[in-house]
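Have the structure open while you read.

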Amino acid sequence: MLLDPWWSAALVGVLGLLIGSFLNVVIYRLPKMMERQWDAEVAAYATEQAARQTHGPKVGEVAAGQQQPAAEPFNLMVPRSRCQACGHMVRWHENIPVLSYLFLRGKCSSCGVHISVRYPLVELGTAALFAFLGHWGGLSAPTLVWCVFAAAMVALALIDWDTTLLPDDITLPLLWAGLIASTVGWTGIPPAASVAGAAAGYLSLWLVYWGFKLVTGKEGMGYGDFKLFAALGAWYGWQALVPIILMASVIGAIVGLVMKFRNRLREGGYIPFGPFLVGAGLVSMVFTPDAIFQAVLGLMGL
């Protein structure tokens, strides 16, 4: 649809506010959903092992009376959002992006506990990314798919920062979305370059992982980093991989040193790499690989 770029930016930016509000839910709940799934799988395995040892019910069955009570449904839709301190159910007018936070002065309306400023910042940050894409591409299919990309990036960065997890539920669909978008011409990346980027992105970090582990006996990164880098390769093509990994590594090293000097490193002295890959990936929406490469060389003083 042909609109003035600023109108397009405004409309897509409003959509970004709404999506940002939903991303706050995803960032908080998806890791907990994963933990619940893992706990259920461990409990089911323990039950099967106990059944084997006692020659009781067949594998996969549970003896009568041993069934656990059904847990309250917990997913991205239910239960309704509530205050983590007092359990107050968030009403609709308390859930308006940014405005509700300002109206409530950053506090729960029931118990007065402080609400993290990160919630409105996520909403504003997502709106800014969407507005940029709306101004750049107007109301079009490419704008929509790049908005999906940006939203996934925001969620992945904050989930990884909080939990050191990069969920397959986001990284793998993002990888396939990049390949499909390239095939239909929505990213401007030739399909062959997209496929090569996905393969090279995964294999390069996989090789780094195993090389580091063989030398040190430690794991330097997780498999989620491989999948995220593969997704970036699918969206940007293989040519962008070196600038992206260089920018992520340099910025990550700088942040790591600052956190070390301020004694803010986590136990084990590590920081997740995913947020820096995400940052470099978002920068790549604005600048070309050559421009990123030159900027990284500047940061390195070369």
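Of the 302 residues in the protein, 37% are buried, meaning under 20% relative accessible area with a 1.4 Å probe and protein chains only (over 50% is exposed, in between is partly exposed). The protein exposes about 17,400 Å², with carbon and sulfur atoms supplying 67% of it; accessible areas come from the Shrake-Rupley method with a 1.4 Å probe, and for residues only the protein chains shown count as cover.

A word on ground rules: this is a predicted model, where local features need pLDDT of at least 70 and side-chain atom pairs count only at pLDDT 80 or more, while totals for chains, interfaces and linings use all residues. Residues are numbered from 1 along each chain as its sequence is written, and side-chain values use heavy atoms, with hydrogens and water left out.

On to the fold. The secondary structure comes to 10 helices and 0 strands, where helices (H or I, at least four residues) and strands (E, at least two) are DSSP runs numbered from the N terminus. Among contacts with a separation of 6 or more, 69% link residues 24 or more positions apart; a contact means heavy atoms within 4.5 Å.

Now for the inside. The largest nonpolar core has 55 residues, and Phe149, Met153, Tyr236 and Leu277 touch the most other members. Such a core is a set of buried Ala, Val, Leu, Ile, Met, Phe, Trp, Tyr and Cys residues joined through side-chain atoms within 4.5 Å. Helix 4 (141-163) is one of the helices that each supply at least two residues of this core, and the largest share, 14 residues, comes from helix 4. Leaving aside residues up to four places away in sequence, Met153 touches Leu174, Leu228, Leu232, Val278 and Leu282. In soluble globular proteins, nonpolar side chains tend to be buried together.

What about the backbone? Most residues other than glycine have a negative phi, and most peptide bonds are trans.
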